[in-house]
Amino acid sequence: MVEAIQALLNVNGIGIKLHGDQTAFVLPASLLRHAPYLLGKMYANGQGHIKRPGTEQWIRMEKDEKKAVIWYAKAAEQYTKAAEQGNAKTQSRLAHMYRDGKGVEQDYAQAVKWFNKSVEQGDALGQAGLGYMYLAGKGVKKDFGKGLELYIKSAEQGFAQTQYQLGGIYFHG
């Protein structure tokens, strides 16, 4: 896990230069909480660098689907625990994992369930996710009006990705 945290720190540019070549790393709790998911993504995409154990050499992370699956599964397990305790952001992230089949079997009904729980708490990411499900008709009956309504709620909270997508909907009609 140490190499994994070092890789996350390197990819996210988090570090404080000390004397000479020494660097102290400060890992925000929000990044640590999502470390398994981010590592899964890094292995899935082959992005980031890790320090070769016992050396000062950094090597590029190679794309590795097996490791990606392992880290995504760890993330799903961790997210499930937090989501069951009512954490809206984690409910949204877990819903995305069910929607995309990352770390869990793809299950649109579970995705809709978790998106709904986060939407009930006013979560912008959940509103965007559930909006997409309605627009695409995945796990719910396709409903452009409901999807658009959820996108608008998300965009009004300042969620940039939904603002962009909403702009595309308005532009293309």
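**A first walk through this predicted model**

Hi everyone. What we have here is a predicted model, and where pLDDT is low, the predicted coordinates should not be read in detail. Strand 1, residues 16–17, has the lowest confidence in the protein, with a mean of 44, while helix 6 has the highest, at 98. Overall, the mean pLDDT is 85, and 81% of the residues reach 70 or more.

Now let's look inside. The largest nonpolar core has 27 residues, and the ones with the most contacts inside it are Leu94, Met97, Trp114, Phe115, Leu130 and Met133. Helix 3 (35–45), helix 4 (65–84), helix 5, helix 6 and helix 7 each give two or more residues to this core. Helix 4 gives the most, with 7 residues. Apart from this core lies another one, of 6 residues, with Leu148, Tyr151, Ala155 and Ile169 among them.

Beyond four places in sequence, Met133 touches Arg99, Tyr108, Ala111, Val112, Phe115, Lys138 and Val140.

Next stop, helix 5, where we find Ser92. Is Ser92 buried or exposed? Ser92 is buried, because its relative accessible area is 0%, and the cut-off for buried is under 20%. Leaving out residues up to four places away in sequence, the contacts of Ser92 are Phe115, Ser118, Asp123, Leu125 and Gly126.

Of the 16 residues lining it, His96, Arg99, Leu125, Phe159 and Gln161 are the closest to its centre. Which helix supplies the largest share of the lining? That is helix 5, with 5 residues. Helix 5 (88–100), helix 7 and helix 9 (160–172) each supply at least two lining residues. By class, the lining holds 8 nonpolar, 4 polar and 4 charged residues.

Last, a loop. Gln121 sits between helix 6 (108–120) and helix 7 (124–136). Gln121 counts as partly exposed because its relative accessibility is 46%. Not counting residues up to four places away in sequence, Gln121 touches Gly86, Ala88 and Gln91. Take Gly86: it is 35 residues from Gln121 in sequence, and their C-alpha atoms are 9.1 Å apart in space.

Terms used. Residues are numbered from 1 along each chain as its sequence is written. This is a predicted model: local features need pLDDT of at least 70, side-chain atom pairs count only at pLDDT 80 or more; totals for chains, interfaces and linings use all residues. Side-chain values use heavy atoms; hydrogens and water are left out. Helices (H or I, at least four residues) and strands (E, at least two) are DSSP runs, numbered from the N terminus. Buried means under 20% relative accessible area, exposed over 50%, partly exposed in between (1.4 Å probe, protein chains only). Contact means heavy atoms within 4.5 Å. On a 1 Å grid over the protein atoms alone, a cavity is a set of points where a 1.4 Å probe fits but cannot get out, and a pocket is an open set with protein on both sides within 12 Å along at least five of seven lines; lining residues have an atom within 4 Å of a point. Ala, Val, Leu, Ile, Met, Phe, Trp, Tyr, Cys and Pro count as nonpolar, Asp, Glu, Lys and Arg as charged, and the others, Gly among them, as polar. pLDDT is the predictor's confidence in each residue, from 0 to 100. A nonpolar core is a set of buried Ala, Val, Leu, Ile, Met, Phe, Trp, Tyr and Cys residues joined through side-chain atoms within 4.5 Å.
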